Amino acid sequence: MLGKVVNALAFQVGWLACVLGGTSWAIPAVGVIVTLHLAWLGRPGEWRWLMGFALLGALVDGALTYAGGMRFTGSAGLPLWLWLLWPLFATTVHHSLAWLWSHPWLAVLGGVLGGPSSYLGGARLAEVTLAPWAVAVQALVWGSLCGWLAFRAATLRRRA
């Protein structure tokens, strides 16, 4: 139980470091959090999840930025701090959020509401302009992603 609480708190600290501190804070904060996570809580091969989410984040947020859905003060492209939030989120998938995947509709609802809420809150704190359509896209992306995670967890439970 302590590991799950520490995992959730570490994610929040990392999120704040990224959003409030930008890239100069994000790199060391996420680096330390991910390193300690993999050393303390990480499952064998969990680094693949972190890499997969990093790639997905580059694709999703990169496409939204390229399409004009997100505009960053002082940056023309996708800032590193935003991209680092994706592998940071991945550290919670098998730990503090593991309970959620056994409740598919709650997982989807959490994604639909939580994903865009995180972007809206972060945008206000980091002086990012979000197009209204980008918020709707984020709801679709995160709802689908959390639904897929719940489906995957159910499939693994049936196999076990």
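Student: What order do the elements of the chain run in, from the N terminus on?

Tutor: They run α-α-β-α-α-β-α, which comes to five helices and two strands. Helices here are DSSP runs of H or I with at least four residues, strands are runs of E with at least two, and both are numbered from the N terminus. Keep in mind that this is a predicted model: local features need pLDDT of at least 70, side-chain atom pairs count only at pLDDT 80 or more, and totals for chains, interfaces and linings use all residues. Residues are numbered from 1 along each chain as its sequence is written, and side-chain values use heavy atoms, with hydrogens and water left out.

Student: What makes Thr 92 buried?

Tutor: Buried means under 20% relative accessible area, exposed means over 50%, and partly exposed is in between, with a 1.4 Å probe and protein chains only. Thr 92 has 4%, so it counts as buried. Thr 92 sits in helix α3, residues 80-93. Leaving aside neighbours within four places in sequence, Thr 92 is in contact (heavy atoms within 4.5 Å) with Asn 7, Phe 11, Leu 97 and Ala 98. Across the chain, 44% of the 160 residues count as buried.

Student: And is Glu 127 buried or exposed?

Tutor: Its relative accessible area is 54%, so Glu 127 is exposed. Glu 127 lies in the loop between α4 (104-126) and β2 (128-130), and has a positive phi of about 55° although it is not a glycine.

Student: Why is Ser 102 called partly exposed?

Tutor: Ser 102 has a relative accessible area of 37%, so it is partly exposed. You'll find Ser 102 in the loop between α3 and α4.

Student: How do you know that α2 and α5 are roughly antiparallel?

Tutor: Start with the angle: α2 (residues 46-66) and α5 (residues 132-159) pack at about 160°, with their axes 11 Å apart. Axes are lines fitted to C-alpha atoms, for helices over the stretch in contact, and angles run from 0 to 180 degrees between N-to-C directions. Under 35 degrees counts as roughly parallel, over 145 as roughly antiparallel, 65 to 115 as roughly perpendicular and the rest as oblique. That is why α2 and α5 are called roughly antiparallel. Residues making the contact include Trp 49 and Phe 53 of α2, and Trp 133 and Val 137 of α5.

Student: What makes α1 roughly antiparallel to α2?

Tutor: The axes of α1 (residues 2-40) and α2 cross at roughly 150° and come within 10 Å. That angle makes α1 roughly antiparallel to α2. Here Val 34, His 37 and Leu 38 in α1 meet Glu 46, Trp 47 and Leu 50 in α2.

Student: At what angle do the axes of α2 and α3 cross?

Tutor: They cross at roughly 140° and come within 8 Å. Among the residues that meet are Leu 50 and Gly 57 in α2, and Trp 86 and Phe 89 in α3.
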